[in-house]
Amino acid sequence: APWLGHWVMKGGAGRTSMRGMNARLATLATSLLLLAVPIVTSQADDGTRDEWVAEGGHEVLMEHYTATWCEICATVDPWMPDFTQANSGRVARVAMHDNFDDPMGTPITAHRAQLHSSIPSAPTFWFDGEIMLGGAPSRATLHMELLSSEGRRSDDTRMSLSVAELAEGILSISVELSELSSVGGRVSIFVLEDTVVIEPHQATNGITEHHDVVRFYSETSLDEGPEWDYPSENWGNSSHNPVTVTSSNSIVVTKVLEIAESVEVGGLRVVAVHESNTAEGNGVSTMGAVSVLLGNQAPTSRIALYVPIALVLGFSAFVTARSRQ
């Protein structure tokens, strides 16, 4: 019938018109994506620097005294990365090398040993300030010590660690303490090189690759005690008070660090610790610890790029599905 043919032609035209509109919408969506890319890229190229943030405070600080001349250490150091990775988020390892005949040794090692009121022998481990005796440990022994340290810790200090690259090689490190179980103590900041490779002739015990090596250290007192930085010339002006108290009664410690030219920012790990002297005065006690690996997160200026991409791709998929119906 004539009216049936007219209805079919009209419906076909409607579908053709709808397909045309869907095609135009898909083109518009693609254009939005193309417009979004240069805007975000310009933010990343106009001097905006990377920033890394970590929240927590419940990690256990494991200080590991070692040396390249130590034969026993050669049986422990190679599997340390496996142990820390298996316990990621629970333990923050800090490798301190002996300052005698070790290319990675610094005065930081002697300073921390003095805080622990002990003269260590390689290898030595401290978990939250408690020394672990017994020479070279097994993985099971370290796991048991980690569990024991977690059990001893109560009322962890809530910590927020923020690291921003102000300029090439210049880092701003900010540590915020909240929900404090006790006021006072100090904030200790370890800046570690994630992987260090030494020359074979320097590796007396045969181990050329080392991890979590302390390169920089800063100690800020929260109760007018002494401060200690190494290397002192790499840290911010000591006359500037780095401690502020916010309106919410939290404490913020901010330090500026200029790293050495030979050290890459992307290979650093920052560990922040809230600690105090023990009641007996014979060591230190950890009240909170948090860490972040620089280079393992996308910079904030580039994170915004994923939002328009996800929206446009999702909208394009919806339009394509509709056009096929």
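In strand β7, the bridge partner of V163 is I173, in a model that is predicted, with local features requiring pLDDT of at least 70, side-chain atom pairs counted only at pLDDT 80 or more, and totals for chains, interfaces and linings taken over all residues. Residues are numbered from 1 along each chain as its sequence is written, and side-chain values use heavy atoms, with hydrogens and water left out.

Strands β6 (residues 158-167) and β7 (residues 170-178) pair in the antiparallel sense over nine bridges, where strands are DSSP runs (E, at least two residues) numbered from the N terminus and pairing requires that DSSP find at least two bridges between two strands. Both strands belong to an open sheet of five strands with antiparallel pairing, in the order β1-β6-β7-β12-β11. Because β1 (51-56) and β11 (243-245) stand at the edges with a single partner strand each, one side of each is left without a neighbour in the sheet. The twist averages 15° from one strand to the next, with axes taken as lines fitted to C-alpha atoms and angles running from 0 to 180 degrees between N-to-C directions.

Three aromatic pairs are counted, under the rule that rings of Phe, Tyr and Trp (its six-membered ring) pair if their centres lie within 6.5 Å, with planes under 30 degrees apart classed as stacked, over 60 as edge-to-face and the rest as tilted. Among them, Y217 and W228 form a tilted pair, at 5.9 Å centre to centre and 55° between the planes. Since Y217 lies in strand β9 (residues 209-221) and W228 in strand β10 (residues 228-230), this pair ties together parts that are eleven residues apart in sequence. Ring pairs link F190, Y217, W228 and Y230 into a cluster.

Terms used: Helices (H or I, at least four residues) and strands (E, at least two) are DSSP runs, numbered from the N terminus.
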